Structure formats: C-alpha cells, structure tokens
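Me: I would like to learn how to read the features of a structure one at a time, with the general idea placed before the particular case. Could we work through one together?

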Amino acid sequence: MTLTLDQARTIIAAARALGREKDMKPLSVVVLDAGGQVLAFEREDGAPVGRFALAQGKAYGAIMVGVPSRQLGVMAAERPHFVASLSTLYDGKVVPAAGGVLLRNAEGAIVGAVGVTGDTSDNDADAGIAGAEAAGLVGQG
C-alpha cells in the first residue's frame, strides 16, 4: 500500500481539527511519502511562514532514520555527534523534536510521515497521530 493524496489531505484536516479543538497555536502540517517526497502541506492562518521547513524536517528525519522525530530528540541528547551528522547527511532537513510521526499501514510497514509544528512538540505529535488515525493508519510518534 502506498500513501495517497486523499489520505494526506485527511491527515492534514484531522491534525488541524485537533489543533482547533484543543485551542493550539496555528499549525503547519506536511505529509511525506515513504521516499520523503511532499504529498501535501498546509499552513494555518497566523502561522509563521518558516514553519514549512520545520514541519518537513520533523517528518523527513523520521522517514530517513525510521524512528519518530521524538526519538531523534532523545538520540540527540544521548549521541549528539550522530544526530548532528544526520543533519549534514540529509542537507539540514532533520529536526530532532517531537512532531514527526511515522505513518504505518495495517501490516506495520512505513508508508510515510507527517510533520506538525506550531504548538508544543507534544501537542504537535498528538495532532500528527490524530491525523494518522483519521486516515486509517497507525501513527508512531
């Protein structure tokens, strides 16, 4: 199974809906396919224009390393040189903070990632997981 554009749009809509329900700051949400390519992106009114790169970096790091970006943050504290090298290897596109959620299908295969930024990192991850679930996927955040 590959991630579809319709699923990506569902993920974004559900992530944004949770953000509004929980009165989060304006969110920016990007969905990447399993190869790290952008399928869809939305930046809510009032979100800073630079949020695309942050959302993409959270999702891209998760895809490239195969762990949620929250885990990359833990790894950065434990092995800072390793995580710093990831940023170099992946052209600065790795953001080691919660909000990059792996998207897995029913069989457990990674089909993409969602990156959310705008509120606290924990809230960003919650929004990404809500998006995954709305699209019938398992969000690992």
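Reply: Let us begin with accessibility, where buried means under 20% relative accessible area, exposed means over 50%, and partly exposed lies in between, with a 1.4 Å probe and protein chains only. Thr120 has a relative accessibility of 44%, and therefore counts as partly exposed. As for the basis of what follows, this is a predicted model, in which local features need pLDDT of at least 70 and side-chain atom pairs count only at pLDDT 80 or more, while totals for chains, interfaces and linings use all residues. Residues are numbered from 1 along each chain as its sequence is written, and side-chain values use heavy atoms, with hydrogens and water left out.

Me: Where does Thr120 lie?

Reply: Helices (H or I, at least four residues) and strands (E, at least two) are DSSP runs, numbered from the N terminus. In those terms, Thr120 belongs to the loop between strand E4 (110–117) and helix H5 (121–134). From Thr120 to Ala135 there are 15 residues in sequence and 23 Å in space, C-alpha to C-alpha.

Me: How should I read a pair of aromatic rings, and how many aromatic pairs does a search of the whole structure find?

Reply: A pair of aromatic rings is described by the distance of the centres and the angle of the planes. Rings of Phe, Tyr and Trp (its six-membered ring) pair if their centres lie within 6.5 Å, and planes under 30 degrees apart count as stacked, over 60 as edge-to-face and the rest as tilted. Searching the whole structure gives two aromatic pairs. In one of them, the rings of Phe41 and Phe52 have centres 4.9 Å apart and planes at 90°, so the pair is edge-to-face. This pair links distant parts of the chain, with Phe41 in strand E2 (residues 38–43) and Phe52 in helix H2 (residues 51–65), eleven residues apart. Phe41 is partly exposed because its relative accessibility is 29%, and Phe52 is likewise partly exposed, with a relative accessible area of 29%. Tyr60 and Tyr90 also form an edge-to-face aromatic pair, at 6.0 Å centre to centre and with 80° between the planes. Since Tyr60 lies in helix H2 and Tyr90 in the loop between helix H4 (80–89) and strand E3 (100–104), the pair ties together parts that are 30 residues apart in sequence.

Me: Are the two tyrosines buried or partly exposed?

Reply: Tyr60 is buried, because its relative accessible area is 14%, whereas Tyr90, at 23% relative accessibility, counts as partly exposed.

Me: Which charges sit over rings?

Reply: A charge sits over a ring if NZ of Lys or CZ of Arg is within 6 Å of the ring centre and within 35 degrees of the ring normal. Lys93 lies over the face of Tyr60, 5.2 Å from the ring centre, and the charged end of Arg79 sits over the ring of Phe82, 4.6 Å from its centre.

Me: How do I read the pairing of strands, and in what sense do E1 and E2 pair?

Reply: Two strands pair if DSSP finds at least two bridges between them. Strand E1 (residues 28–33) pairs with E2 in the antiparallel sense over five bridges, and Val30 stands opposite Phe41 in E2. The hairpin of E1 and E2 has four residues between the strands, and there Gly36 takes a positive phi near 85°.

Me: Which strands pair with E3?

Reply: E3 and E4 run antiparallel and are joined by five bridges, with Val114 in E4 as the bridge partner of Val101. E3 also pairs in the antiparallel sense with strand E5 (residues 138–140), over three bridges. Four of the five residues of E3 are buried, so E3 is largely enclosed by the rest of the structure.

Me: Which residues of helix H1 are buried?

Reply: In H1 (residues 5–21), the buried residues are Gln7, Ala8, Ile11, Ile12, Ala14, Ala15, Leu18 and Gly19. They cover an arc of only 165° around the axis (taken from the directions from the helix axis to the C-beta atoms), which puts them on the same side of H1. On the other side of H1, Asp6, Arg9 and Glu21 are exposed.

Technical notes
The expected span of a helix is 1.5 Å times one less than its number of residues.
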